[in-house]
Amino acid sequence: IVSVDLANAALTPLIATQRSEQMPAWSAKERALVYVTDRSGEYEIWLHKPDQLDRPVVTAKDFPPNTTQWFIAPSLSPDASRLIYTRFDRLGASQLWISSVSGGSPVALVKNGSGYPGSWSPDGNWYAYRQLRDGESLLNKVKTTGQATPELLQTYLPRSHQGNIALTEELAPVWSPAGDWILYFDHGLKLISPDGKSSRDLASLGDAKCTFSRDGSQLYCLRSDGSGPDSPLELFAASLEGKVQRVIGSLGPEFDAAAGYIGGYRLSLSPDGASITYSIAKATANLWMIEGLSTVAPLK
């Protein structure tokens with residue numbers, strides 16, 4: 001998990017161990033971040049706060065034994081008291097759940113429905129997310145009370161599928177801190193108002209991954225500069241009309257955003273609005289020597 005300064009594109013590791021840490025998300029108002037890690041052996045959701053030890057807040061033990069496959073893209077409420085996340089069970093079914101950071105039993109966010117990662121509204125009362133149903137992708141919003149009935153904002157056809165997962169819908173929906181727009185991916189980036197009545201096409205930004213500035217007046221985006229294979233990444237600010245306003249700097253291609261699940265891609269703005277946080281792919285391999293094999297019982 002890395003942090004990139006929005007003033008000069010300087011990149012620094014935020015959480016980096018020999019295990020997997022990915023899909024981080026800051027709270028909008030508190031210095032608290034959640035992410036997915038397998039450092040305990042199984043995938044869990046952990047909480048990170050500066051000057052405190054990281055700790056698990058959601059694990060497989062919160063659900064019936066041997067039913068959890070993995071957790072995807074957790075998202076903290078603005079006050080950092082609750083989190084919403086997608087859980088896949090052993091049968092491959094996905095569902096959104098809401099948990100308290102202080103503990104307690106998870107509650108299904110949506111009544112009778114599946115769901116993929118999204119984000120909270122600035123007031124913490126709503127959650128925008130994506131649902132796949134009968135070959136279509138639905139952009140919904142739902143109250144964060146638990147067991148709520150969702151409201152449809154937009155229906156569209158994903159570009160490609162593998163089973164029930166849309167491969168090209170990389171960006172989890174992002175709710176503007178100003179509350180006036182939701183950023184989502186539909187054959188390119190688009191904006192839609194929370195009431196579903198207004199929209200904007202940001203196709204000019206190509207396949208950029210973006211998030212809102214702290215006041216919601218512009219976007220911060222990351223994309224390939226298009227100079228060729230393994231070309232550098234360009235970090236830039238763009239207007240809500242999709243026009244590049246300012247190039248902040250460049251990063252090596254190895255610092256592109258990555259996640260174990262495509263729908264979990266997210267550039268998460270820090271609470272002070274000065275940096276973005278996301279996970280990158282960095283693989284390591286080691287040779288090991290095993291001693292004492294003569295004492296191992298032979299297989300029968």
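These are my notebook entries on a predicted model of one protein chain.

**Ground rules**

I number residues from 1 along each chain as its sequence is written, and I use heavy atoms for side-chain values, leaving out hydrogens and water. Since the model is predicted, local features need pLDDT of at least 70 and side-chain atom pairs count only at pLDDT 80 or more, while totals for chains, interfaces and linings use all residues.

**Entry 1: the whole chain**

I looked up the secondary structure first. The protein chain has 0 helices and 26 strands. Both are DSSP runs numbered from the N terminus: helices are H or I with at least four residues, strands are E with at least two.

Next I checked the overall dimensions. The C-alpha trace spans about 70 × 45 × 40 Å along its principal axes.

I then looked at burial. Of the 300 residues, 50% count as buried. Buried means under 20% relative accessible area, exposed over 50%, and partly exposed in between (1.4 Å probe, protein chains only). The chain exposes about 14600 Å², and carbon and sulfur atoms supply 50% of it. The areas come from the Shrake-Rupley method with a 1.4 Å probe; for residues, only the protein chains shown count as cover.

Contacts came last here. Among those between residues at least 6 apart in sequence, 43% join residues at least 24 apart. Contact means heavy atoms within 4.5 Å.

**Entry 2: strand β3**

I picked two residues in this strand. Glutamine 22 lies in β3, residues 21-26. Glutamine 22 is buried, with a relative accessible area of 10%. Its side chain makes a polar contact with the side chain of serine 20 at 3.2 Å. A polar contact is a pair of N or O atoms within 3.5 Å; within protein, one must be able to donate a hydrogen and the other to accept it, and residues adjacent in sequence count only if both atoms are side-chain atoms. Not counting residues up to four places away in sequence, glutamine 22 touches residues including Ile1, Tyr35, Tyr261 and Ser279.

Methionine 23 is also placed in β3. I find it buried, at 4% relative accessibility. Its phi is near 55 degrees, a positive value in a residue other than glycine.

**Entry 3: serine 275**

Serine 275 lies in strand β26, residues 275-278. It is buried, with a relative accessible area of 13%. Its side chain makes a polar contact with the side chain of serine 3 at 3.4 Å. Beyond its neighbours within four places in sequence, it is in contact with Ser3, Val4, Asp5, Leu6, Ser268, Leu269 and Ser270.

**Entry 4: two loop residues**

Serine 193 sits in the loop between β19 (189-192) and β20 (199-201). Is serine 193 buried or exposed? It is buried, with a relative accessible area of 8%. Its side chain reaches the backbone nitrogen of lysine 197 at 3.2 Å. Its contacts outside four places in sequence are Leu153, Asp180, Trp181 and Ser198.

Asparagine 66 is in the loop between β6 (55-58) and β7 (68-76). At 71% relative accessibility, asparagine 66 counts as exposed. Its phi is near 60 degrees, again a positive value in a residue other than glycine.
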